[in-house]
Amino acid sequence: MTIKLLAIGKTDSASLQHLISDYEKRLRHYIKFELEIIPDLKNVKNLSEVQQREKEGALILKKLNNTDVLILLDENGKQFDSVGFSNYLQKKMNSGIKQLVLVIGGPYGFSDAVYAKSQGKISLSKMTFSHQMVRLFVIEQLYRAFTILKNEPYHHR
């Protein structure tokens, strides 16, 4: 299985980008992983929130293959502890899917079309995080999940 993380907009912070890259390298030891950045929309000040969601949604949907399993990182999604998330990933891998696509939406969330295409939602927390930090948190939690599945000492039980 491949895990792809789609995110809107580049990471501005060099420190944050360094941490993201570090965890990407660690994660690739366990599974094929891709981080794909969808460029920020231009002239968003001329767009309503709905228009921005629609345009970003179209860009997200263009990145998907027919066989992809799309999971949205959404504040109203299911919350897991780290062990529960590792079990969730194991079930996805056991189901034989080729590619699991996790998506971090734009500042106003997802379009109705993206919600309709999705096959699940995950929430990292009830708190609000910057979209750039969410990338790091997701990749770190993916890495943690695989260390749990391999019984490695990164995660303390």
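Me: Leaving aside neighbours within four places in sequence, which residues is Leu102 in contact with?

Reply: First, this is a predicted model, in which local features need pLDDT of at least 70 and side-chain atom pairs count only at pLDDT 80 or more, while totals for chains, interfaces and linings use all residues. Residues are numbered from 1 along each chain as its sequence is written, and side-chain values use heavy atoms, with hydrogens and water left out. Contact means heavy atoms within 4.5 Å. With those sequence neighbours set aside, the partners of Leu102 are Ile3, Lys4, Leu5, Leu6, Ile71, Leu73, Val138 and Leu142.

Me: Which element gives the largest share of the largest nonpolar core?

Reply: A nonpolar core is a set of buried (under 20% relative accessible area, 1.4 Å probe, protein chains only) Ala, Val, Leu, Ile, Met, Phe, Trp, Tyr and Cys residues joined through side-chain atoms within 4.5 Å. The largest one has 29 residues, and those with the most contacts inside it are Ile3, Leu5, Leu89, Leu100, Leu102 and Leu142. At least two core residues each come from strand S1 (2-8), helix H1 (14-27), strand S3 (69-79), helix H3 (82-94), strand S4 (99-104) and helix H5 (131-149), taking helices (H or I, at least four residues) and strands (E, at least two) as DSSP runs numbered from the N terminus. The biggest contribution is eight residues, from H5.

Me: Are H1 and H5 roughly parallel or roughly perpendicular to each other?

Reply: Their axes, which are lines fitted to C-alpha atoms over the stretch in contact, with angles from 0 to 180 degrees between N-to-C directions, are 9 Å apart at an angle of about 25 degrees. Under 35 degrees counts as roughly parallel, over 145 as roughly antiparallel, 65 to 115 as roughly perpendicular and the rest as oblique. H1 and H5 are therefore roughly parallel.

Me: How many charged residues does the contact of H1 with H5 have?

Reply: H1 brings Leu16, Leu19, Ile20, Tyr23, Glu24, Arg26 and Leu27, and H5 brings Gln132, Met133, Arg135, Leu136, Ile139, Glu140, Leu142, Tyr143 and Phe146. Ala, Val, Leu, Ile, Met, Phe, Trp, Tyr, Cys and Pro count as nonpolar, Asp, Glu, Lys and Arg as charged, and the others, Gly among them, as polar. That contact has 11 nonpolar residues, one polar and, for charged, four.

Me: And H3 against H5: roughly parallel or roughly perpendicular?

Reply: The axes come within 8 Å and cross at roughly 80 degrees. So H3 and H5 are roughly perpendicular.

Me: Is Leu35 partly exposed or exposed?

Reply: Leu35 sits in strand S2, and beyond its neighbours within four places in sequence it contacts Leu5, Ile20, Glu24 and Ile139. Leu35 has 22%, so it is partly exposed.

Me: What is the positive phi of Asn151?

Reply: Asn151 is in the segment after H5, and at 68% relative accessibility it counts as exposed. It is not a glycine, yet its phi is positive, about 60 degrees.

Key. Buried means under 20% relative accessible area, exposed over 50%, partly exposed in between (1.4 Å probe, protein chains only).
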